[in-house]
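Subject: Structure handover

Hello,

Here is the structure I promised you. Please open it first, then read my notes below.

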Amino acid sequence: MAGRIESTDQLRKVLETRGLLSVVKRLDMKDRADNQAYRKRLEGKYRSRKAKKPVCAYCGDHDRSLYVSHIEPVEIGGPTTENNLVLLCKSCHGAFDKGAVSISEMKKIAERWTCRRRRSLEESSSVPEMTKPPAALRKFVCDIRKMERERSGQAGVRQIATRLRDTGLKKAHRTYLGILQAEMIRRGAGRKAIDKAMNKLETVPLSEVPPECRGYYCYERGYLLRLAGRHNQACCWMKQGAREARRRTGAHRAGVDYVAASVNVILCEVASQSRITPQKAKGLLRRIDQLASVARKNGGYWGGRWELNCAVQTLQVHIRADHKRGSWKALNKMVKTFEGYDATTGWGEADRQTISLLRGVVHARFHRNCAELADGVRLLARSFMSRIKDNRQKPEGIRDVGIELARALARYTRGDAERIRVARQLEDVITKVVDGTSVLWPQRDV
Ligand SMILES: [Zn+2]
């Protein structure tokens with residue numbers, strides 16, 4: 001097969017021609033739960049006292065159609081059993097999916113159901129931003145970020161371009177918008193987006209960046225270099241970003257942007273090494289712990305996000321160092337952290353994917369019995385299928401899940417000739433997916 005694979009479309013085509021896609025899809029299938037039986041039981045459980053009708057477990061409405069919903073999502077390993085299911089109306093289910101209420105809160109609600117009508121889940125509060133814009137730009141930046149969340153980021157890029165044409169714009173505001181524009185561009189998929197964003201930032205040297213934008217500028221440059229696989233250079237920019245963040249707050253009051261830059265320093269260090277020794281792992285874990293406690297102290301949405309991020313990095317270090325017990329422990333802690341969050345304390349849309357991947361990795365690599373290995377294969381297959389559905393996913397995720405799935409499958413062939421073929425060919429294809437950021441399967445610095 002010819003060289004590198006640059007896009008998800010191309011990858012899908014290669015997988016299809018080799019007959020791999022249908023096999024992976026079949027691995028993802030599992031026994032469908034008998035929805036009707038669960039529905040009956042839940043309808044008996046959640047019933048309004050007055051109308052004697054089944055109601056939404058959260059808002060108590062009985063007029064709307066009700067759905068049997070998982071509390072702990074299937075992607076992160078939630079089982080289809082009665083105590084992990086709840087009856088919700090469409091709007092409460094949608095809001096729960098967006099993190100309006102945490103998983104652990106929903107567990108409590110499902111357990112001790114009282115018929116009291118609660119606040120509608122749709123009224124969840126807005127999400128604060130880490131990189132605070134200058135006051136004069138706050139409303140504009142808020143709108144741009146909202147467009148990004150609604151998946152029209154490229155329209156946001158055009159709006160920023162229009163705004164930048166205003167010749168009366170202050171220098172600091174102009175620089176801020178330029179960095180924001182680069183950030184929005186790099187969120188578009190593919191290597192081209194990364195190069196384009198990098199070009200934008202490189203036109204402004206650091207010496208010309210006003211002090212209030214410097215932390216943001218360094219972080220973005222470092223992030224782009226990390227995406228491009230230039231880990232050593234990325235590390236330098238992230239270190240500079242951490243210094244800028246410290247300079248702004250003073251050494252004793254480190255904030256979340258300090259944590260963000262420092263965690264990225266660690267990521268670059270891990271990604272650039274082919275092997276993590278036990279001693280190295282110990283040092284990294286200690287540093288991550290310190291950063292997690294800074295994030296926790298900061299609290300709020302971004303404090304929560306970075307606390308979870310630290311839990312993710314802890315697990316990745318254990319995995320890379322081949323710690324079996326440490327990995328299981330870190331996995332449970334990470335899932336617990338996530339389950340405690342809602343949209344105001346750190347919940348994020350992409351987390352389920354991260355957890356699904358890492359849970360699959362731990363089950364497949366460190367399984368203690370055959371069922372855990374089977375679980376790992378299923379989780380990874382599902383995760384892989386969801387990532388190659390469209391072109392929104394970064395290659396790092398696709399590559400990580402793909403290689404891990406191929407290796408898990410190789411352990412799980414049970415002599416089945418087709419599985420052996422699929423495991424080999426899948427690994428062969430996936431290693432050709434171009435990626436520079438992977439922590440789990442690092443490549444040489446490019
Ligand atoms: Zn409801």
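Start at glycine 299, which follows α13 and has a positive phi, near 65 degrees. Helices here (H or I, at least four residues) are DSSP runs, numbered from the N terminus.

Before the rest, two notes on the ground rules. Residues are numbered from 1 along each chain, as its sequence is written. The model is predicted, so local features need pLDDT of at least 70 and side-chain atom pairs count only at pLDDT 80 or more, while totals for chains, interfaces and linings use all residues.

**Confidence**

pLDDT is the predictor's confidence in each residue, from 0 to 100. Its mean over the protein is 85. Of the residues, 92% reach 70 or more. Treat residues 122-129 separately: pLDDT stays under 50 there. For that stretch the model has 12 contacts beyond four places in sequence. Two residues are in contact if their C-beta atoms, placed from the backbone, lie within 7 Å.

**Helix α13**

α13 covers residues 278-298, which makes 21 residues. From first C-alpha to last it reaches 30 Å, close to the 30 Å expected at 1.5 Å a residue. The expected span is 1.5 Å times one less than the number of residues.

Which residues of α13 are buried? They are Leu284, Ile288, Leu291, Ala292, Ala295 and Asn298. They cover an arc of only 110 degrees around the axis, so they sit on the same side of α13. (The arc is that of the directions from the helix axis to the C-beta atoms.) Buried means 20 or more other C-beta atoms within 10 Å of the residue's own, exposed means 12 or fewer, and partly exposed is in between; C-beta atoms are placed from the backbone.

The cover over these buried residues includes α12 (256-271) and α14 (300-320). The face turned away from the buried side carries the exposed residues Pro278, Gln279, Arg286 and Asp289.

**Helix α15**

α15 (324-339) has 16 residues and reaches 23 Å from its first C-alpha to its last. That is close to the 22 Å expected at 1.5 Å a residue. Its buried residues are Ser327, Ala330, Leu331, Met334, Val335, Thr337 and Phe338. Their arc is only 155 degrees around the axis, which puts them on the same side of α15. α14 and α16 are among what covers them. Arg325 and Lys336 are exposed, on the face turned away from the buried side.

Most residues other than glycine have a negative phi. Aspartate 322 has a positive phi of about 65 degrees. Aspartate 322 lies in the loop between α14 and α15. It is partly exposed, with 14 other C-beta atoms within 10 Å.

Arginine 414 has a positive phi too, near 50 degrees. Its loop runs between α18 (395-411) and α19 (417-430). Arginine 414 counts as exposed, with 8 C-beta neighbours inside 10 Å.

**Domains**

There is domain 1 (1-32 + 349-446), domain 2 (35-123) and domain 3 (279-335). These bounds come from an automatic or database domain assignment. Six residues of domain 1 are in contact with four residues of domain 2. On the domain 1 side, α16 (351-365) and α17 (370-387) are the elements giving two or more residues. α16 gives the most, with four.

Best wishes
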